[in-house]
Amino acid sequence: MKFVDFVCFEAIIPELQAKDRDGVIAELVSALEKAGRLKKPSREKIIKSMIERENEASTGIGKGIALPHVKYPGIEDVVAVIGQSSTGIDFSALDKQPVYSVILLISPVDNPDKHLQAMESVFKRLQQERFRKFLRQSRSAEEIEELLKEVDENPAL
Amino acid sequence: MEIKKGIAASPGISIAKSLIIDSEDYLIPQRKITPSQRLTEIQRVRNAFKDAIDELTQFEAQQDQTEGSKIKDIFAVHLRFLRDRSLRKKITDLIHSELVTAEYGVSTVLREIAAHFSNQKDSYINERAADFYDIERRLLRQLLGRKREDIKHLSEEVAIIARELSPTQTAGFNKKFVKGLATDAGGRTSHTVIVARSLGIPAVVALEDLTEIVHGGDRVIIDGNRGIVIVNPDDETIQQYKKYSHEFSEFEHKLAAIREKPAETRDGTKITILGNIEFPDEAELVLQKGGEGIGLYRTEFLYLSVTTEPTEQQHYEAYAETVGVFKHRPVIIRTVDLGADKHTQSRRFAPEPNPFLGLRSIRFCLQNLMMFKTQLRAILRASLLGQVKIMFPLITNLQEMMQAKMILRDVMEDLDEESIPYNRNIEIGIMIETPSAALTASTLAQDVDFFSIGTNDLIQYTLAVDRGNELVSTLYSAADPAVLRLIRTVIQDAHKTQIDVAVCGEVASDPEYVMLLLGMGIRTISITPPMIPEVKQIIRSVTIEDCNAVARKVLGMNSERQISSYLRNAVRKILPEAF
Amino acid sequence: MQAGQDSLEKVVCETTVEIKNKNGLHMRPAMQLVDLANQFDCDITVNNSENVVDGKSIMQIVMLAASCGTKLKIKAEGTDAKKAISAMQELVENKHFIDPDSAD
């Protein structure tokens, strides 16, 4: 799966306003709603679900990245949005480090494979030091979009 | 009769006919014959030529005109070669004058011709060298009696001889017919060793040139206790070995008697002995030998002897079978640890230059989530049938661990959605087998339920040694102070966080290391089933005090040699009969 | 083409030919040459100015590794020497060894 297939470029937030975890989740989900990607389910309910999930187990996987996600009924296809914070957010990551890049995903309930395919793409990219670096350094939504499109075309960035 | 010395890899004695497993690359050493053997060798050459001609004539006839005409041509040309008297004469002349074996003669002459071709400037002509290598192989196959595909159709007891054995090759071995293994390559913990021990058959490795000496069908004695292989033993030797074999199995029976007794030190400390298995049918063996569960269930076999990826149901059935044998006792299932082998390499269009340090094991799984989730689902479903735990291999950093746990969680949510039950509280552990994991164990310990120290890979990565490479296999040692220090760090970090820590590498099966491991704080080990009685015997013969003293002493030493001989002596005092 | 007589029984014939097919005297042509040579009673040798080999031995002919453009001297010695030489010449120069690969 390529990033263009599931990342909503219009919703990308190059500098998050919120400074806390729950605020960031709300901000990103709202951005997706504004871009028209939520359709049926309510924004509030999704945010609540995601926060609940995050409380059970942090999605801060270390090295400044968090991958909050949830599967929700009514969602047709997996959609993701990226938000960055230059000051860092506390996601209770196990390495106790702040998170600078948040990749938020909302996936359909009845097609779990789609979620995994999107995760696989994310994992593959995160594995590459250069990708993480360029992502961190991106200052605008356009730059992030460019980066994602570029890695889609060149798997060996 | 010829006696070859290698490394003792798996205990026991076998006396059987040899079956040589093919490998594509032969290196024939120069072996001298006596003048009286000349005629025999020359006749062998004639026979090999005749058989090769028959074989090729058959192949040629089988190729039909339309598609196979190019191939038919090649066979036709090779046939003319084989019929050429001057070729045969060159070989027999060489045997006659230089007193070498038929194999050496064939190999030398044909390679000379091949070399003559590869030296030609004209590219079309120099490519013909390959034809000569092909003819060489065909003749050598006749001479060395190697048959392909025979492993699947065994009908009599054999000892398998090979240059080395891959996991794929050994996956098909049937204990009923495979009575012993001997390889040219390999170190003390190579795959051959692991398989032999699991099957409970004797094995000797690192024999260097055994495959050049043995002819298919030769009788061989494999002495896995002393690391000796005897080719074409004389009657007297056979009698001696039969007697020795009898004595050795009596010793084993004695050990079997302690099956029911607990693995407790003399001063009452209980040690949990689990078994390492690869196939579901080895689970019985673990119980038989007195093991209390499975500490390492290697799941790669599901991928290795098949051509398509196993389905979730196939995974599930294998796990269910194993868990069924153990019911309430722990079964720790390790997710696939494939890597540096056919499965992961053939899927890439550009094979990795260094697969050993590449996309293998958990890393491979994290980038192949469809495959990973299939296994995870099966493990979760099987978790209802007993005390199943899940273990991730080759975790090198926190991120990998978190990603793996994240996917496990995602898969659990999917099962919830489908109303498929599983044990929500399944224990999750990781293998500590890299220096980075060992050095950051305190962080990793925060979010897992247990550690299992995989000493095989830990030693390889720490000492930068390939355990299967017989050129450096003596460098591979668990007694290296660097390795011991890392192990100690892991144990201490686990204790601080109060999580279980076990050792599941080959070192735990080694009688010489039992006291040391116990003294360093290990209370759970997972070992190869045949060694369970012997290790239990040692545990029952020591006190924790003794073990602590051994550990203190060893951790103060800084030479691998000093440490290994100290440990060897320490255990000999306790269990002299094992040696 | 020269014809000479050493004795009443033996006839010696010689000719020089040039290998014209693209891939030289490789497998298939070598095979054809040797098969043809073996049809005759006379001794046949092939000379590429460095080596002299037995024209009836596939191994020796292939060893010559004669590429396109190489000139070979074929000598036949025996009762049917004339016929042999004529046939060999025909094969090499005129038929170019009936080599389908030359079309590549």
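Begin at the interface of chain B and chain C, across which one salt bridge is found. This is a predicted model.

**Stop 1: chain B against chain C**

Select Asp35(C) and Arg80(B). These two form the salt bridge, and their closest N and O atoms are 2.8 Å apart. Between chain B and chain C, four residue pairs are in polar contact, with both residues at pLDDT 80 or more.

Next, colour the helices of chain B that supply this side. Helix H2 (65-83), helix H3 (85-98), helix H4 (102-118), helix H5 (123-126) and helix H6 (129-144) of chain B each give at least two residues to the side that touches chain C. Which of them gives the largest share? H2(B) does, with six residues. Sorted by class, the side of chain B that touches chain C has nine nonpolar, three polar and eight charged residues.

Now show the whole contact. Chain B contributes 20 residues and chain C contributes 16 residues. Together, chain B and chain C bury about 1700 Å², and 69% of that is on carbon and sulfur atoms.

**Stop 2: chain A against chain B**

Move to the interface of chain A and chain B. How many residues does each chain bring to the contact? Chain A brings 26 residues and chain B brings 22 residues. The area buried between chain A and chain B is about 2300 Å², with 57% of it on carbon and sulfur atoms.

Six salt bridges are found across the interface of chain A and chain B. To view one of them, select Asp414(B) and Lys71(A), whose side chains meet at 2.9 Å, N to O. Polar contacts across the interface of chain A and chain B come to 11 residue pairs, both residues of each pair being at pLDDT 80 or more.

On chain A, select helix H3 (43-56), strand E1 (60-62), strand E3 (69-72) and helix H4 (112-126); each supplies at least two residues of the side that touches chain B. H4(A) gives the most to this side, with nine residues. The classes on the side of chain A that touches chain B are nine nonpolar, eight polar and nine charged residues.

**Stop 3: aromatic pairs in chain B**

Over all chains, a search of the whole structure finds eight aromatic pairs. Select Tyr297(B) and Tyr319(B) and display the rings. Why is this pair classed as edge-to-face? The ring centres are 5.8 Å apart and the planes stand at 90°, and planes over 60 degrees apart count as edge-to-face.

Tyr297(B) sits in strand E10 (residues 294-298) of chain B and Tyr319(B) in helix H13 (residues 312-326) of chain B, so the pair ties together parts that are 22 residues apart in sequence. Are these two side chains on show at the surface or hidden, that is, exposed or buried? Tyr297(B) is buried, with a relative accessible area of 0%, and Tyr319(B) is buried, also at 0%.

Then select Phe372(B) and Phe392(B). Their aromatic pair is tilted, at 6.2 Å centre to centre and 55° between the planes. The pair links distant parts of the chain, with Phe372(B) in helix H16 (residues 369-382) of chain B and Phe392(B) in strand E12 (residues 387-392) of chain B, 20 residues apart. Phe372(B) and Phe392(B) are both buried.

To finish, select Phe279(B), Tyr297(B), Phe301(B) and Tyr319(B) together: ring pairs link these residues into a cluster.

How values were computed:
Residues numbered from 1 in each chain as written. Chains lettered and ligands numbered in written order. Predicted model: local features only at pLDDT ≥ 70, side-chain atom pairs only at ≥ 80, totals over all residues. Heavy atoms only, no water. Contact = heavy atoms within 4.5 Å. Buried area = accessible area lost by both parts, 1.4 Å probe. Salt bridge = Lys/Arg side-chain N within 4 Å of Asp/Glu carboxyl O. Polar contact = N/O pair within 3.5 Å; in protein donor to acceptor, adjacent residues only side chain to side chain. Helix = DSSP H or I, 4+ residues; strand = E, 2+ residues; numbered from the N terminus. Nonpolar A, V, L, I, M, F, W, Y, C, P; charged D, E, K, R; others polar. Phe/Tyr/Trp six-rings, centres within 6.5 Å; stacked < 30°, edge-to-face > 60°. Buried < 20%, exposed > 50% of the residue type's maximum accessible area, 1.4 Å probe, protein only.
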